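The stops below go from the whole chain to single residues.

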Amino acid sequence: MPAVGHFDLAMCFKWLLNLVCLSVLLAVIAFGFARQPVLAKHVAANWTGNFSPCERHSELLKRDTMSLGVRISTSNLELAKQFESALSFWATVVDMAWYEDETTSCAVQLVEATPSILKSPIVARAQLAELANFQGWIAFDSHAPLTKGEMYVIAVHEIGHMLGLRHNPNTNSVMYYFNVMGPQVLDRSDLWQLSFRHKLRFASIDAPVVVPENQLGD
Ligand SMILES: [Zn+2]
């Protein structure tokens, strides 16, 4: 006759061990979920500096028509001119208009770079709208030995970053990692990316947009 209620110590220990393992696993998952909101709140921050604020920088986050007051805070008049030409180029691509605004009600500001913002050989750097502390600042090394054309193309590139574009591995794109010579475009990938944030002035993104070369080589 088999023993009723036979107590198997080894089996009991095995079940107990499984129960402990399961509890630890559930505790780890619960801890992970509890931590998630804290991690989600942690957004990388932009570079910063001792510059006057641009109180209307949120204009750059608008999908519809942007009206951008632009403050030029550089002593390099040629750089200021090329930066303004670059803004005018962008106004032909996205639904935006810009005007000079030398007050804190600006949306974009060209500022003099400091060594803590730029590491050589980088000559310009834009703040990114999706990062914390966004102020609409684009820092430029106004003493860098650049031609007018290089200033123009670099300004187009940096304003592109500010409008939400990332680097593009296509060497013909003005959003390529480095400044390269020759004709440059906004390709389908650039335009597609841009269309998520801003209203484009084109019905189709299939044809590349050529960055005018009128300033190049000067
Ligand atoms: Zn870049």
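Start with the whole protein, coloured by secondary structure: this predicted model has 4 helices and 7 strands. Followed along the sequence, these elements run α-β-α-β-β-β-β-α-β-α-β. Burial can be coloured next: 29% of the 218 residues count as buried. If you draw contacts between residues at least 6 apart in sequence, 69% of them join residues at least 24 apart.

Now switch to colouring by pLDDT. The mean for the protein is 86, and 78% of its residues reach 70 or more. Select residues 1-5, where pLDDT stays under 50; the model gives this stretch 0 contacts beyond four places in sequence.

Two backbone features come next. Most residues other than glycine have a negative phi, and most peptide bonds are trans.

Select strand S3 (108-112) and strand S4 (124-126), then the loop between them, which holds Pro121. Show the backbone from Ser120 to Pro121: the peptide bond there is cis, with omega near 10 degrees.

Move on to the loop between S4 and strand S5 (137-140), and pick Asn133 within it. Its phi is near 65 degrees, a positive value in a residue that is not glycine. Is Asn133 buried or exposed? Asn133 counts as exposed because it has 12 C-beta neighbours inside 10 Å, and the cut-off for exposed is 12 or fewer.

Conventions:
Residues are numbered from 1 along each chain as its sequence is written. This is a predicted model: local features need pLDDT of at least 70, side-chain atom pairs count only at pLDDT 80 or more; totals for chains, interfaces and linings use all residues. Helices (H or I, at least four residues) and strands (E, at least two) are DSSP runs, numbered from the N terminus. A residue is buried if 20 or more other C-beta atoms lie within 10 Å of its own, exposed if 12 or fewer, and partly exposed in between; C-beta atoms are placed from the backbone. Two residues are in contact if their C-beta atoms, placed from the backbone, lie within 7 Å. pLDDT is the predictor's confidence in each residue, from 0 to 100.
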